[in-house]
Amino acid sequence: MDKVIRKATDAVSDIPDGASLAVGGFGLNGIPETLIRALHAQGASALQVVSNNCGVDDRGLGILLGAGRISRVTGSYVGENKEFARQYLSGELEVELVPQGTLAERLRAGGCGIPAFYTPAGVGTQVADGGLPWRYAPDGSIVLPSPAKETRLYDGRPHVLEHGITTDFALVRAWQGDRHGNLVFRRAAANFNPLAAMAGRITIAEVEELVEPGVLDPDQVHLPGIFVQRVLPLTPAQAADKQIEKRTVRA
């Protein structure tokens, strides 16, 4: 039951080339920065990433992207990463854009063993009708368009079929965690982290504060340890290393 691994390099050592990864975070908030950097040093490539966004050019998943380690991204937002745009438009990167709420539910569904569900989000757009460019050619033509999806009427309203997502691994960050893998997420970090953790077959959680089993109130646990296979305690310096994309101040 003791799932603690003390070194980030050991936590990600068995992630192979071509693995699929669900990664928590929203922008740079709540991202598993230490695990991402360890994976960058480990050298795995051709990774297929599922995450709300892909970091920025020099932080988060942007580190792996800039090194050419990511081959495919399933996400909702890509507006803060110039290298992402360059790779996508030049045909180096395959990208599946998904409505944000749909992406969250696809991860949750995968973690709950639900193979597919219907949602009204995307009806009447290329999300449902197909034709979104998943991959471009270097000359700008579309090499791989998204397929059309099944639609069905419920209460007279059309809905589109979406499939649950499961991945080989998941990387997440939590505020507190115990040796059994029970996790608590703090404030805005409770974004895609619980959902990504549910979707991974092997979930690795970096935690800012490691506590002993029994310390966490069961009623306050956001994600039970059944979903977590490895727990990496962060150093105080690693726990304090938090960035945002844009700092806004008032005069």
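Biologist: Which exposed residues does α4 carry on the face turned away from its buried side?

Modeller: Lys82 and Leu89. Exposed means over 50% relative accessible area, buried under 20% and partly exposed in between, with a 1.4 Å probe and protein chains only. This is a predicted model, where local features need pLDDT of at least 70, side-chain atom pairs count only at pLDDT 80 or more, and totals for chains, interfaces and linings use all residues. Residues are numbered from 1 along each chain as its sequence is written, and side-chain values use heavy atoms, leaving out hydrogens and water.

Biologist: And which residues of α4 are buried?

Modeller: Phe84, Gln87 and Tyr88, in a helix that covers residues 82-89. Helices (H or I, at least four residues) and strands (E, at least two) are DSSP runs numbered from the N terminus.

Biologist: Why do you say they line one face?

Modeller: Down the axis of α4, the buried residues fall within an arc of 100 degrees, so they line one face of the helix. The arc is taken from the directions from the helix axis to the C-beta atoms.

Biologist: What covers them?

Modeller: The cover includes α3 (61-66) and the strands β3 (70-75), β4 (94-97) and β6 (133-136).

Biologist: Gln87 is a polar one. How buried is it, and what does it touch?

Modeller: Gln87 has a relative accessible area of 4%. It touches Leu65, Glu92 and Leu93, leaving aside residues up to four places away in sequence; contact means heavy atoms within 4.5 Å. A polar atom of the Gln87 side chain also lies 2.9 Å from the backbone oxygen of Leu65.

Biologist: What about Phe84, what does that touch?

Modeller: With residues up to four places away again left out, Phe84 touches Cys54, Leu65, Val73, Val78, Leu93 and Val95.

Biologist: What happens at the two ends of α4?

Modeller: At the start, a side-chain oxygen of Asn81 comes within 3.1 Å of the backbone nitrogen of Glu83. Just after the helix, Gly91 has a positive phi of about 85 degrees.

Biologist: Changing topic: how many residues are in the largest nonpolar core?

Modeller: It has 31, and Phe84 is one of those with the most contacts inside it, as are Val12, Ile15, Leu39, Leu47, Ile70 and Ile204. A core is a set of buried Ala, Val, Leu, Ile, Met, Phe, Trp, Tyr and Cys residues joined through side-chain atoms within 4.5 Å.

Biologist: Which element supplies the largest share?

Modeller: α2, with four residues. Elements that each supply at least two include α1 (8-11), β1 (20-23), β2 (47-50) and α4. Apart from this core lies another, of 24 residues, among them Val50, Ala170, Leu183 and Ala205.

Notes:
Polar contact = N/O pair within 3.5 Å; in protein donor to acceptor, adjacent residues only side chain to side chain.
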